[in-house]
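Q: Please take a close look at a single part of this model and describe how that part is placed among its surroundings.

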Amino acid sequence: MLRKDTNGFKSLAVTVIAIAFSGSLSASADPIGLSPRWGATMPTGPVAGTRITSEYAELVARDAFLWAWPLVNMTNRRIKFSQLPENVISGGAPLAPLNQLTMLTDYIEPDERAVACPNQDVVYGAGLIALDKSPVIIQVPDFGDRFWVYQIVDLRTDSFAQLGKMYGTQPGFYMLVGPDWKGDTPKGVTKVFRSSTNTGNVIPRVFQDDTAEDRKSIQSVLSGIMMYPLDQFDGKMKSVDWSKVKKLPAEGEGSAETPWVPAKSFFDSLAVALADAPPLPGEEARYAQVLSVIDAAKSDPKIREAVDKAAADANERLVEPLFEFRNYGLPLPHNWTTTSNNAAFGTDYFTRTAVAKSNIFVNAPIETKYFYQDLDKDGKRLGASKTYTVTFPKGETPPVNGFWSLTLYNEHHFFEPNALKRYSVGTKNKSLKYNQDGSLTIYVQAEPPKKEFESNWLPAPKTGAFSLYIRAYWPKVEVTNGVWSPPAVETNG
């Protein structure tokens, strides 16, 4: 059930739903003369109070579980973070009260479980926004030549602001506002970005070389990355020593991502999520249908039982399979897959939910291009019992203006701890050795390769399946237009 301590978020849902569905559709276009019988208007959705069957409720609920899964994921994160009293690092993940962010000071640790598929190429930050409470100010310090990007997404995980090196963003202050905000832009704010929802997420990413020197060098710029409510803005650049943030153990146990979307409580959060994300063009009927079923479930235990059953079934049969990269995306040679509409999913419900389930919070394609792999070149599942190589021909590592990496994830899409503490290889690694012909071979296996190849070794788990994942940050046009794709994953034993 919804908590009572969500700071008015529940009442906001009721108000917005009432406003969103109080209108009616015109029936003035009447080529066959139905207006006299039907009247001048038609209802926007199911008539309130209409008796419905459990089977119908189950059908609507099952459909909604798939298309609204990312919205409920974000809503539940907001509810959770609304309870945080201070900035913390919990189980390796940066967490912050609403409308603030927390930065790490080094790569994210393997015990992080808040978001699947983290990387160890950047120093992360994170903060949930609640723009119904206040606009927020985003600080951008002077990054110099260092690669950086702030991912800023709404409740649907679609991007609504562009801040990063690829956009030529200048140091300064930027403001995020909600859909209903009205006011003057404060003096000193360079640009205002408006979200279509009040809830969203801000995730700074700052590139760091895998060297002690760069770990030290990056600290001064990290201190200037901040987010805070508008009433704290005074036109002066603030700073904080993020190394002093309280560190806590991870909540709960387990090897998988925090279960942000429990099937049993899905429909308790869904009305709140839909209130915050008004329907896109063409979604009005979907919203009306599912909200009428939610309303019926409040007073009819059989309907409630039906929707909960549908949620559990949809979770198992529709959403869980989307955790596997090979089950979605655009197919590429050698069994790689990719996506082309990240952070701009619109009504591509299948891809949006698949991405949210397997690796939520992906950058827009101009910021980062992602390539996913669960299989070797022969279509067999990657696993600990085999050894593999990935060889980039001369001059054919991912073409980027920023950086690239090849990351390995265990069966839960997290890092598998290893003695080298190496979870990816790429631009950040200064010790990679190229072959005599100029090609680059990465050795993917559980046990160390021959001594001369250890600098190019990407350690695999000792048991279980795993996946490979290529990131091309600030990709060149041959990546975004599909001319370049990754080489085969060769099985060697």
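A: Aspartate 300 caps the N-terminal end of α9, with a side-chain oxygen 2.9 Å from the backbone nitrogen of lysine 302 (a polar contact is a donor–acceptor pair of N or O atoms within 3.5 Å). The model is predicted, so local features require pLDDT of at least 70 and side-chain atom pairs 80 or more, while totals for chains, interfaces and linings use all residues. Residues are numbered from 1 along each chain, and side-chain values use heavy atoms, without hydrogens and water.

Helix α9 itself covers residues 301–319 (a helix is a DSSP run of H or I with at least four residues, a strand a run of E with at least two). Its 19 residues reach 25 Å from first to last C-alpha, close to the 27 Å expected (1.5 Å times one less than the number of residues).

The buried residues of α9 are Ile303, Ala306, Val307, Ala310, Ala311, Ala314, Asn315 and Val319 (buried means under 20% relative accessible area with a 1.4 Å probe). These buried residues pack against α3, α4, α7, α8 and α10 (contact means heavy atoms within 4.5 Å).

One of these neighbours, α4 (69–81), also supplies at least two residues of the lining of the largest cavity (a set of 1 Å grid points where a 1.4 Å probe fits but cannot get out, lined by residues with an atom within 4 Å of a point). About 340 Å³ of space lies in that cavity (the space filled by probe spheres set on the points). The lining has 30 residues, and Val115, Tyr124, Ala126, Ile203 and Phe361 lie nearest the centre. Strand β6 gives the most to this lining, with five residues.

Technical notes: Buried < 20%, exposed > 50% of the residue type's maximum accessible area, 1.4 Å probe, protein only. 1 Å grid on protein atoms, 1.4 Å probe; cavity = no way out; pocket = protein on both sides within 12 Å on 5 of 7 lines; lining within 4 Å.
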